[in-house]
Amino acid sequence: MDTPTREVASAPGRTRRRRGTARSAGVALGAFAAVRGTGALVVALGAWWAGKDPVKVLGGSWDSFWYLSIASRGYGRTQMWPASDSIQSDYAFFPLYPLLVDLTGGGPVAGLVVSWTAAAAAAVGVYRIGELLLGARAGVLLVALWASLPHAVVLGLAYTEPLLCALAAWSLYALLRGRWLWAASLAALAGLTRPTGIAVAAAVTVVALRELLVRGNRAPGVWAAGLLAPAGWASYVVAVGAHRHDPLGYFTVQRQWGSRFDFGGGTLETAWKALSGGPVTVPVAVTLAVLAAAGLLAVPAVLDRTPLPLLVYTATLLVITFGGAGFFESKPRFLLPAFPLLLPVAAAVARARPRTAVALTAGLAGLSWAYGAYLLLMAEVPL
């Protein structure tokens, strides 16, 4: 899959193409809404049956508590765990999502409104990339497969993944179309959303460097994009360092949460314990399967000549996920934004009979609904 080139078309031809694209994007958005809307309904009914408030389950579980706290009170909350000598500070969480929640009114409902809106925008962005590289049918299937991943329940929670996915998808799409400043601006916002937002900036900066050093493109927009893209992520890291009077203060906060980059040592240790006969919970087993699948899907992504922006973006997410130590069961959530890994799968399914494609997607969606309800209502591990 080489980087697309722009086609020249007549005005009527462009109009027909835009209408066709809009219809296909609507189909993709409808497929996403059907899959994830049903998933949210399954969780809500399960919560109601268990005597829990569905809104609190969807909008106030695990990390959502921290985001909503920042939105309502600002930064400064610290939670201490004397038994494990652990200190958890809310400076580990990036500011864009809490800001949007605050602007929307605050509370779990506002958190869900922001997340669901971002998830819809992400679905259209993922479709546009799939359509650009593989065609409309594969683009719709790409969205449906992405919405049916095991941890896709997070796309309906008051979490930052929907916002990051939206900003990443549209930044990458802009980059593929040569719209440098749009790509860089969205990358900067992605960097203010969560730590893995640096993957979007990496894609923009690496492609800008290729333009400058290899292709000799010295256009001001290329220079500006390369410099602007990492500004969001870097500004928050610097701000936390200044607040703590420690240039590495942000990374200290992350270590206190148990998150650090250990070049995959923690991941390999947990995997070895599970595979060598140790006790394996359902979330650990699913995490191992997701990590294995991600590693395998990276091979055809390279062999199929996936455009450089998508390769850099996905590779950065894989390095962060595999190389980071922390909550092992959360790693599949960190890979949710790595939708380019599904491009070869979407291309293969698009070549199958429609009945086969629908059956496969429906089966994966059903498993995703069941597993999402299990994670939120039964599992006692953080998402």
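## Basis of the values

The model is predicted, so local features need pLDDT of at least 70 and side-chain atom pairs count only at pLDDT 80 or more, while totals for chains, interfaces and linings use all residues. Residues are numbered from 1 along each chain as its sequence is written, and side-chain values use heavy atoms, with hydrogens and water left out.

## Overall form

The protein has 18 helices and four strands; helices (H or I, at least four residues) and strands (E, at least two) are DSSP runs, numbered from the N terminus. Its radius of gyration is 21 Å, close to the 21 Å that the globule rule gives for 383 residues, so the protein is as compact as a globular protein of that length. The radius is taken over C-alpha atoms, and the globule rule is 2.2 Å times the number of residues to the power 0.38. Along the principal axes, the C-alpha atoms fill a box of roughly 70 × 50 × 50 Å.

Of the 383 residues, 49% count as buried. Buried means under 20% relative accessible area, exposed over 50%, and partly exposed in between (1.4 Å probe, protein chains only). The protein exposes about 17600 Å², and carbon and sulfur atoms supply 68% of this area; accessible areas come from the Shrake-Rupley method with a 1.4 Å probe, and for residues only the protein chains shown count as cover. Among contacts (heavy atoms within 4.5 Å) between residues at least 6 apart in sequence, 76% join residues at least 24 apart.

## Nonpolar cores

In soluble globular proteins, nonpolar side chains tend to be buried together. Here a nonpolar core is a set of buried Ala, Val, Leu, Ile, Met, Phe, Trp, Tyr and Cys residues joined through side-chain atoms within 4.5 Å. The largest core has 109 residues, of which F32, I129, W146, V204, Y313, F339 and L376 touch the most other members. Helix α7 (residues 161-176) gives the largest share of this core, 12 residues. A second, separate core has five residues, including A138, L141, V349 and A357.

L376, leaving aside its neighbours within four places in sequence, is in contact with V43, V57, L58, S61, V153, L157 and L383.

## Helix α10

In helix α10 (residues 220-228), V222, A225 and G226 are buried. Seen down the helix axis, the buried residues fall within an arc of 95°, so they line one face of α10; the arc is that of the directions from the helix axis to the C-beta atoms. These buried residues pack against α8 and α9. The face turned away from the buried side carries the exposed residues P220 and L227.

## The loop between α8 and α9

T193 lies in the loop between α8 and α9 and is buried, with a relative accessible area of 0%. Its side chain reaches the backbone oxygen of L189 at 2.9 Å. Not counting residues up to four places away in sequence, T193 touches F94, L96, T160, L163, L164 and L167.

R194 is found in the loop between α8 (180-191) and α9 (198-213). R194 counts as buried because its relative accessibility is 8%. The side chain of R194 makes a polar contact with the side chain of T160 (2.8 Å). A polar contact is a pair of N or O atoms within 3.5 Å; within protein, one must be able to donate a hydrogen and the other to accept it, and residues adjacent in sequence count only if both atoms are side-chain atoms. With residues up to four places away in sequence not counted, R194 touches Y67, F94, T160, E161, L164, W233, R333 and F334. R194 and Q254 are 60 residues apart in sequence and 12 Å apart in space, C-alpha to C-alpha.

Most residues other than glycine have a negative phi. H245, which is not a glycine, has a positive phi of about 55°. H245 is in the loop between α11 (231-243) and α12 (249-256) and is exposed, with a relative accessible area of 75%. F263 also has a positive phi, near 60°. F263 is found in the loop between β3 (260-261) and α13 (265-275) and is exposed, at 72% relative accessible area.

T252 is found in helix α12 and counts as buried at 18% relative accessibility. Not counting residues up to four places away in sequence, T252 touches R244 and D246.
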